[in-house]
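I would ask you to keep the structure in view while I speak.

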Amino acid sequence: MPIEDADGLRRILQYTRVAVVGASTSYEKAAHIVPAYLQRHGYDLRPVNPNADEIFGKQAYDSLADVSESVDIVEIFRPSEEVPEIVDQALARDDVKAVWMQSGIRHDEAARRAETAGVDVVQDRCMKVEHGQLIRNPMD
């Protein structure tokens, strides 16, 4: 079952290396706003977007498979029908601990495959919102 409880979400939010699949260069899009927030709160981003060279001051990769740095969380900002391929790429790595599908994104079959492989899954939740509610210091 995908993780929905506060303790499980807090545990995942403690990981710091995030591959953002579908990261955007457009400042007004959630795929830019959410990761930029995460970066401001100490997360180390690995943007994945084949149409960009750099996002968030970091090299952008063409695919998750191309990310040479370690990854804890694969955060997905792509349509739900693209999730199975992204999960396949995540499972081909030996460093991914969680797959996080942003608000409006879910794929139950791919989620089950990831969970069977021992990877935590969050579906249809905003990482920024959850961080703000569960982790962020209220004095920020």
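First, the ground rules. This is a predicted model, in which local features need pLDDT of at least 70 and side-chain atom pairs count only at pLDDT 80 or more, while totals for chains, interfaces and linings use all residues. Residues are numbered from 1 along each chain as its sequence is written, and side-chain values use heavy atoms, with hydrogens and water left out.

Let me begin with the record. UniProt, in an unreviewed entry, lists residues 12-105 as "domain: CoA-binding". UniProt positions are given in the numbering used here, the feature name is shortened, and such annotations may be inferred rather than shown by experiment. In the model, the end C-alpha atoms of residues 12-105 lie 18 Å apart, and the span is 23% helix and 23% strand. Helices (H or I, at least four residues) and strands (E, at least two) are DSSP runs, numbered from the N terminus.

Now to the sheet. In what order do the strands of the open sheet stand? The order of its five strands is β2-β1-β5-β6-β7, with parallel pairing; two strands pair if DSSP finds at least two bridges between them. At the edges are β2 (44-48) and β7 (120-122), and each has a single partner strand, so one side of each is left without a neighbour in the sheet. On average, neighbouring strands here are turned by 20° against each other, direction ignored. That angle lies between axes, which are lines fitted to C-alpha atoms, for helices over the stretch in contact; angles run from 0 to 180 degrees between N-to-C directions.

We can look at two of the pairings. Strand β1 (residues 17-21) runs parallel to β5 (residues 73-76) and is joined to β5 by four bridges, with Ile73 of β5 as the bridge partner of Val18. On its pairing with β2, strand β1 is again parallel, over five bridges, and Val21 has Val48 of β2 as its bridge partner. Is β2 largely enclosed or left open? Four of its five residues are buried, so β2 is largely enclosed by the rest of the structure. Buried means under 20% relative accessible area, exposed over 50%, and partly exposed in between (1.4 Å probe, protein chains only).

I turn to the cores. In soluble globular proteins, nonpolar side chains tend to be buried together. A nonpolar core is a set of buried Ala, Val, Leu, Ile, Met, Phe, Trp, Tyr and Cys residues joined through side-chain atoms within 4.5 Å. The largest one here has 27 residues, of which Ile12, Ile73, Trp100 and Met127 touch the most other members. Two or more residues each come from α1 (6-13), β1, α2 (30-40), β6 (98-101) and α5 (127-134). Helix α2 provides the largest share, five residues. A second, separate core of 22 residues includes Ala19, Val71, Val74 and Ala114.

In α1, the buried residues are Gly8, Leu9, Ile12 and Leu13. Seen down the axis of α1, they fall within an arc of 135°, so they line one face of the helix; the arc is that of the directions from the helix axis to the C-beta atoms. Their cover includes β5, β6, β7 and α5; contact means heavy atoms within 4.5 Å. In α4 (residues 108-116), Ala110, Ala111 and Ala114 are buried. The arc for α4 is 105°, so its buried residues also line one face. They pack against α3 (83-91), β6 and β7, whereas Arg112 and Thr116, on the other side of α4, are exposed.

Finally, a few single residues. Ile76 lies in strand β5 and counts as buried, at 0% relative accessibility. Among the residues that Ile76 touches, beyond four places in sequence, are Val21, Val99 and Trp100. Most residues other than glycine have a negative phi, and most peptide bonds are trans. Phe56, although not a glycine, has a positive phi of about 60°. Phe56 is in the loop between β3 (54-55) and β4 (58-59) and is buried at 13% relative accessibility. Asp124, also not a glycine, has a positive phi of about 55°. Asp124 sits in the loop between β7 and α5 and is partly exposed, with a relative accessible area of 37%.

Thank you for your attention.
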